[in-house]
Amino acid sequence: MVTTSSVPSPTAVPTASARPRHASLPGLDGLRALAVVLVLLYHLLPQWMPGGMIGVDVFFVLSGFLITSLLLVEFRRTGRIAFGAFWLRRARRLLPAMLLVLFTTTTAAALLGGDVLVGLGRQLTGALTYTSNWLGITSHSAYFAQTSPQLLTHFWSLSVEEQFYVAWPLIVVGLLLLKARRRILVVAATLAAVASAAGMAALHVPGSEATRVYFGTDTHSFGLMAGAALAFAVPHALDAARAAAATAAVARVRHGLGLLSLAGLVACGVVLTERSDLTYQGGLALATLLTVGVVQGLLTRRPGALSRLLSVAPLVWVGRRSYGLYLWHWPVLVLLHYADPTLPMLTQAVIVVAVTLALTEASYRWVERPVLRLGWRGALRALGSHARTRGRKALAVAVVAVAAVLGSGSVAVAGVTDAPTTTQAQQQIESGQKVLDAQPTSTIGRATGAGRDVTVIGDSVTVASTAALERDLRGAVIDASVGRSMNDAADVARRLADQGRLGRTVVVGLATNDVFSRQRIADLLDVLGPDRRLVLVTGFAPDRVYWTADANRALHEAVADEPRITVADWQAAVAVHPEWLASDGIHPTPRGQQLYADVITRAITGP
C-alpha cells in the first residue's frame, strides 16, 4: 500500500550519475502521514474512521505521480531510462524493511501458534513474490473478514504497487520513444484510470463482499494511473515544483482547491464505509480525484497554506516513516488479537501504536536508511567495520545476534510447516454445518419434541451451535447461514412461511454481521403476523466489530415497543465466559455452543 517512492535528496543514494536529481515537494510527507494515519485509524479504531481505507488510494496516487515524474525527468535528461538502476532503487527502498517484517512477525506467529498460522505459507509466498492480491482473490480470502484476520493480508496493496513498478516503466519508455504528445499521454493515462474505476463499479455486486474488486490490480489501479496522468499533465513536475512560473492569482486558486480537496479526503474517511456499495461504485474514485486535487496544490512555485499545513514537523516525521508504519502495524495488531481477543479496542490500539512506532523507528534508523544510503554491500561493510572497532563486546553481540536469527528462522520454518489448515472457528462452523445439512426438511406441526413449533433463523454462530440447539429444542426447524444479517431476516422468514416451516415461535440470531435499522425488525414482524412470537438473540463480538453494540441496543429497544418480542441475551451470558469462544472471539466452542442453546431455550420457555 504505502508509496515506496519518496522524494529523496539528491545524495540519498550515491549511485550512477544518470540518477535524476530533483527538487523536493513541500507537504508531500505530510500527505503521506495523513494517508497512513487514515489506514491506522481504520484498522485500530474503525468506528472513528470507517472509511480510512482511502489512505491506500492516497498512496496509490502518490506512487503513480512520483514514479512517472522520476521516469520523465530521467528520460528528458539522459534520453533513456536505466531500468536496472530504477528497479535496484525500488529494491533498496522496499526489501530491507519488508524482509525484516516478514522474518520477525512470522517467527512471533510461530511462537504464538494456533489460528494465526492458518494460510501463512500462502501469505509468505504472496508477500515475497508481490502476488498477495491475486493469491488472496483465488484463495477466497475475504479482506474484510472481521473474525480471523490473517497476518500478512496488508501486503495486497504492496503487490499492486510492485506490479505497477515492473510494468509501468516499460510502457512509459514505449510511449516516449513513439514521441507521443503530452496531451495524448495525459488522455491515455486518464482513460486507463477511468477504465479501472469503471471496472470496479461494474464488477462489484451490490450487497456482496468486495475482495475481488478491491484487491484486483485491474480494478484498483485507478489511483496509480490518475497520479501518472497528473505527472504527464505537469511536465517535469519534480524539477518544475519550484521553478515553474505561476501568477499569484492562479497559485491562490490552486492552493484553495488543494485545501478543499484535503477537507474532502478527511470527509471521505468519515463517510465512506467498507460495507457500502457506494464505496466501490464511485467512492474510492472520488477519493482518488481529491488526492489529485491536493497534489496539484503542492506543485506551485509559491508555497501556500496547504504546503505549510502539510509540512509541520510531526507530519513530516510520520510521513517519512509511513512505509514502515504500514508494514508493522497490521501484523502487530493481528498477533495481539490472537494473543487476547478480549482486549478493549482502545487498549489494543494504544499497545499497537506504541509497539509499531518503536519497531518502525528501529527499522528506519538501523535497516532502511543504511541500505538506502550505502547499498546492500555498503551497509554490510559498515556493520562489519563497526563491529571490528568495538572489539570483543561487539563480536559477542554479533555472535548472539546470528544465533538468534538462526534459531528464529528454524522456529518460523517449523511454524509454517506445521500450520493448521483451518481456524478453530472454521472447525466449529464446519462441524455444525454437517449437523445442519443432515437435518430433515420437516414442516411445522409434524415434528415432536420441545422445539416442535419453533423456527430458528441464524448466522454462523447458529450454524456452529446446531448440535446443541437440536438437543435442547428437538424438532425445531433450524435455518442458518454464514454471513447472514438482520437485513436478510424478513426474506428468510417469508420463504420459510411459504414452505410451511415457520413456527409460532421464531428465534432470530442475526445481530453480528452488519448494521441494520429498526425498520428491519418492523419488516420481520409484518411477515410473522400478529399470532407469532419473536425471540431476538443478541450478538457478541470483540470491540472492533463495532456495529454489534448498536445492533444489540436496537434489539433491546424493540422489546419496549412490542410485547410479542423477547430478547435472548447471548451477549451478556457469554461475556462471563470468553474462554468458551474460539480465537476470533465470536464463534462458540462446544461449551459455548451449549450456553448459546441454553440462552435461547430459557428465552422461549421462560425462567
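In which sense do strand β1 and strand β3 pair, and over how many bridges? The legends below begin with this pairing.

**View 1. Strand β1 beside strand β3.** Strand β1 (residues 454–458) runs parallel to strand β3 (residues 505–509), and 5 bridges join the two. Strands are DSSP runs of E with at least two residues, helices are runs of H or I with at least four, and both are numbered from the N terminus; two strands count as paired if DSSP finds at least two bridges between them. G458 has G509 of β3 as its bridge partner. The model is predicted: local features need pLDDT of at least 70 and side-chain atom pairs count only at pLDDT 80 or more, while totals for chains, interfaces and linings use all residues. Residues are numbered from 1 along each chain as its sequence is written, and side-chain values use heavy atoms, with hydrogens and water left out.

**View 2. The open sheet of 5 strands.** The strand order is β2-β1-β3-β4-β5, with parallel pairing. At the edges are β2 (477–480) and β5 (565–568), each of which pairs on one side only. Direction ignored, neighbouring strands of this sheet are turned by 20° against each other on average. Axes are lines fitted to C-alpha atoms, for helices over the stretch in contact, and angles run from 0 to 180 degrees between N-to-C directions.

**View 3. Strand β4 and its pairing with β3.** The parallel pairing of β3 and β4 comprises 4 bridges, and V508 stands opposite L536 in β4. Because 4 of the 5 residues of β4 are buried, this strand is largely enclosed by the rest of the structure. Buried means under 20% relative accessible area, exposed over 50%, and partly exposed in between (1.4 Å probe, protein chains only).

**View 4. Helices on the sheet.** Helix α21 (residues 489–498) lies across β1, β2 and β3, at about 145° to β1. Helix α22 (residues 518–528) packs on the sheet and touches β3, β4 (533–537) and β5; its direction makes about 145° with that of β4. Contact means heavy atoms within 4.5 Å.

**View 5. Surroundings of N513.** N513 is located in the loop between β3 and α22. Leaving aside residues up to four places away in sequence, N513 touches R275, D459, G483, R484, S485 and W547. N513 and G483 are 30 residues apart in sequence, yet 6.2 Å apart in space, C-alpha to C-alpha.

**View 6. The loop residue Y130.** Y130 is found in the loop between α4 (120–129) and α5 (132–138). Its phi is near 55°, a positive value in a residue other than glycine. Y130 is buried, with a relative accessible area of 9%.
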